[in-house]
Amino acid sequence: MAHKTYNEKWKESMEEVLGQLETETVAGPTVLGGSREDLLRHYAVLYLKYLQVFRKLDDCYDQMAHPQKRIEVRRMVEGVMGRMLEVREVLVRIEGTQYPILDATLIDLKLTPSALNVPVPRYFVEERAKELEERAQLLAAALPVDEDELSDLESSNMSSHGSREGADPVVRSLEECIRIIQVNERGRQGRMRVRVLKELRRQEKMQAFNGSSQSQLEQD
């Protein structure tokens with residue numbers, strides 16, 4: 001049943017994409033000659049519609065097992081994502097801000113604010129599973145925090161939260177305060193090390209790319 005359900009969902013998404021393209025083709029020239037409010041509403045509706053289609057296609061890709069169908073659905077996901085970003089860029093230019101306000105359009109379409117949430121495509125996570133695991137290991141190595149200290153802090157926080165109602169403010173000892181500051185400082189230094197490592201990796205990639213480009217030009 002799930003196989004049939006997501007096939008139907010894929011079909012519905014394709015029909016919606018075709019409808020969106022038809023709307024852009026027919027209504028586009030008329031709207032371009034209209035007011036700023038007409039332009040804003042037109043592209044806001046397009047953006048939200050493409051975002052809804054994107055969610056459906058992402059669900060289809062995640063739940064489908066047929067390899068060839070997954071390839072086709074992924075192409076659709078990437079195409080819809082690209083068009084969605086283009087429409088958003090138009091909205092940014094119209095509004096003059098990186099965060100267009102779409103409250104009125106949400107009300108007109110009877111949608112909740114959660115409809116504006118853009119999920120990360122699931123195949124991003126699948127393809128970067130190894131990279132994400134390496135990143136987690138890097139963070140774990142860059143944040144060497146004593147587990148005993150963390151457990152002591154957590155137990156003290158839990159006890160302070162549990163006895164907070166109707167009790168006096170919690171007074172910590174000097175040693176406990178120093179320990180909290182040390183843990184926070186280690187975390188800050190760890191994050192700084194991660195940033196430095198990322199910047200070094202980025203520079204290495206740029207140097208490798210520039211070197212390959214230079215050698216290619218010399219061969220040509």
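Does Pro100 count as buried or exposed, and at what relative accessibility? I looked this up before anything else. Pro100 counts as buried, at 18% relative accessibility, because the cut-off for buried is under 20% relative accessible area. I note here that the model is predicted.

**Entry: Pro100.** I placed Pro100 in the loop between H3 and H4.

**Entry: the chain.** I went through the elements from the N terminus on and read α-α-α-α-α-α-α-α. The protein chain has eight helices and zero strands.

**Entry: H2 and H3.** I took up the pair formed by helix H2, residues 36-63, and helix H3, residues 67-95. Two packed helices are described by the angle between their axes and the distance between the axes. For H2 and H3, the axes come within 9 Å and cross at roughly 155 degrees. H2 is therefore roughly antiparallel to H3, since angles over 145 degrees count as such. I recorded the crossing of H2 past H3 as left-handed. I sorted the residues of the contact of H2 with H3 by class and found 23 nonpolar, eight charged and no polar.

**Entry: Arg122.** I found Arg122 in helix H5. Arg122 is partly exposed, with a relative accessible area of 30%. I compared its position with that of Tyr61. Arg122 and Tyr61 are 61 residues apart in sequence, and the C-alpha to C-alpha distance is 8.1 Å.

**Entry: Lys110.** Where does Lys110 lie? I found Lys110 in the loop between helix H4 (103-108) and helix H5 (122-127). Most residues other than glycine have a negative phi. I read the phi of Lys110 as near 55 degrees, a positive value in a residue other than glycine. I also looked up the accessibility of Lys110: this residue is exposed, with a relative accessible area of 76%.

**Entry: the largest pocket.** Rolling a probe the size of a water molecule over the atoms shows where empty space is left. I looked up the volume of the largest pocket, which is about 330 Å³. Ten residues line the largest pocket, and I listed those closest to its centre as Glu131, Arg135, Leu138, Lys198 and Arg201. I traced the lining to its elements next. Helix H6 (129-142) and helix H8 (174-219) each supply at least two residues of the lining. Which classes do the residues of the lining of the largest pocket divide into? I noted seven charged, three nonpolar and no polar.

Notes
Residues numbered from 1 in each chain as written. Predicted model: local features only at pLDDT ≥ 70, side-chain atom pairs only at ≥ 80, totals over all residues. Heavy atoms only, no water. Axes fitted to C-alpha atoms, helices over the stretch in contact; angles between N-to-C directions. Helix = DSSP H or I, 4+ residues; strand = E, 2+ residues; numbered from the N terminus. Parallel < 35°, antiparallel > 145°, perpendicular 65-115°, else oblique. Left-handed = near helix turned anticlockwise from the far one by under 90°. Nonpolar A, V, L, I, M, F, W, Y, C, P; charged D, E, K, R; others polar. 1 Å grid on protein atoms, 1.4 Å probe; cavity = no way out; pocket = protein on both sides within 12 Å on 5 of 7 lines; lining within 4 Å. Points joined across faces, edges and corners; volume = space filled by probe spheres on them. Buried < 20%, exposed > 50% of the residue type's maximum accessible area, 1.4 Å probe, protein only.
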